[in-house]
Amino acid sequence: MRAIVVREFGGRAEVTEMPTPEAGPGTLQIQLDAAGVNPFDKRLIDGFLDGKLPHEFPMIPGVDGAGVISSVGAGIEDFGVGDRVVGKFLIPPVGHGTFAEYIVVPATSIIAKVPDSVTSIQAAALPTAGITALDLVHAAQLAAGQRVLVVGASGGVGSYLVQLAALAGAHVIATARPDDTDRMIRLGAAEVVDYGRIPVGDSPTREQSSPLSVADSVRMSTPGGVDVLFDLVSDPAGFGANAALVRDGGAAYTTVGSAGGADLKGRGIRGGDFESSGGAPELRELLRDVGNGDLVVPIDATPPLEGAPDVIGASGARGKTVLVI
């Protein structure tokens, strides 16, 4: 089968032929149609889990994938050949991922059947980013009328977060580049903050001519602060400054491990460093939302499998990149 592999930690991804894995007892063979690309893929290649999980080389990266079950091992009753499925697959030994034509996974994996109204490309863009966004919304216990700031709203997680927070009835403030403002509004943002520009007005002073921080920009438009912060991109200093916008008793979450120096507990703020723990139930919920039109899957690019080396670790995506297999 065709696959994308790396031959060592930090190695360059390449296209090659690999043996097609066969289903055994309790496992499913999936012929993949599409694979979602995530920032985690680059971290995996660079050895993020070295020493934490066993690895095998040549290593096939990729966690998210959608396709059709092509073979079923003994002892499985809930899935059958021909079922369209999608999943989030990180199964030791690491190295048998979704950037390939076939994958074999335990039937107990984070996996769900795909409704007819959802395409494989849409489904493959859901698991990691969508589940993370849904977990954040659940953790924050969003309520209608709350003011929610999403920092880093343009990417995969952010694009889902804007929508899910708006569906919960929140007033969403999204940070994004000026040329992404219209898309953020369509996804449900009530306000879009471009923190690199100065509000239009009289001639700025020399001091005002420098770019504004996220916190400064939001403080100008929302002097009363926000109830919830979802920060998907900031370093510890940036997260601390953004968390200062959160009203006492609110919630502030970072998905990039930046909460260490922020004073949250002293102000009764819930949150901090966040790791998603959602599974198949959350994935099924997302698929229902997409199928009934409540959730838009934000697809930015759909390169072929052979294009994986150029998009793994790339920055600046507006939504999700999905490899078409």
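I45 is buried in this predicted model, with a relative accessible area of 3%. The residue belongs to helix 1, which covers residues 39–45. If you set aside its neighbours within four places in sequence, I45 is in contact with V6, E8, F9, G10, G11, M59, P61 and I312.

Is Q29 buried or exposed? Its relative accessibility is 7%, so Q29 counts as buried. Beyond its neighbours within four places in sequence, the contacts of Q29 are T20, P21, E22, A23, V68, I69, S70, S71, Y102, I103 and V104. P106 is 77 residues from Q29 in sequence, yet the C-alpha to C-alpha distance between them is 9.0 Å.

Now to the packing of helices. Helix 3 (residues 127–140) packs with helix 4 (residues 156–167), and it also packs with helix 8 (residues 280–291). The table sets out the two pairs.

| Helix pair | Angle | Axis separation |
|---|---|---|
| Helix 3 and helix 4 | about 45 degrees | 8 Å |
| Helix 3 and helix 8 | about 100 degrees | 10 Å |

On the helix 3 side, the contact is made by A129, G130, T132, A133, L134, L136 and V137, and helix 4 brings G156, V157, Y160, L161, L164 and A165. Sorted by class, this contact has 10 nonpolar and 3 polar residues, with no charged ones.

With helix 8, the angle of helix 3 is about 100 degrees. That makes helix 3 roughly perpendicular to helix 8. Here helix 3 uses P127, G130, I131, L134, D135 and H138, while helix 8 supplies E282, L283, E285 and L286. This contact has 5 nonpolar, 2 polar and 3 charged residues.

Q141 is exposed, with a relative accessible area of 59%.

The backbone has some cis peptide bonds to show you as well. The bond from F57 to P58 is cis, with omega near -5 degrees, and P58 lies in strand 4, residues 55–60. The bond from P92 to P93 is likewise cis, with omega near -5 degrees. P93 is found in the loop between strand 6 (84–88) and strand 7 (94–96).

Finally, a word on confidence. The chain averages a pLDDT of 93, and 94% of the residues score at least 70. Which stretch has a pLDDT below 50? That is residues 198–210, a stretch with 6 contacts in the model beyond near neighbours in sequence. Where pLDDT is low, the predicted coordinates should not be read in detail.

Key
Residues numbered from 1 in each chain as written. Predicted model: local features only at pLDDT ≥ 70, side-chain atom pairs only at ≥ 80, totals over all residues. Heavy atoms only, no water. Axes fitted to C-alpha atoms, helices over the stretch in contact; angles between N-to-C directions. Helix = DSSP H or I, 4+ residues; strand = E, 2+ residues; numbered from the N terminus. Contact = heavy atoms within 4.5 Å. Nonpolar A, V, L, I, M, F, W, Y, C, P; charged D, E, K, R; others polar. pLDDT = per-residue confidence, 0-100. Buried < 20%, exposed > 50% of the residue type's maximum accessible area, 1.4 Å probe, protein only. Parallel < 35°, antiparallel > 145°, perpendicular 65-115°, else oblique.
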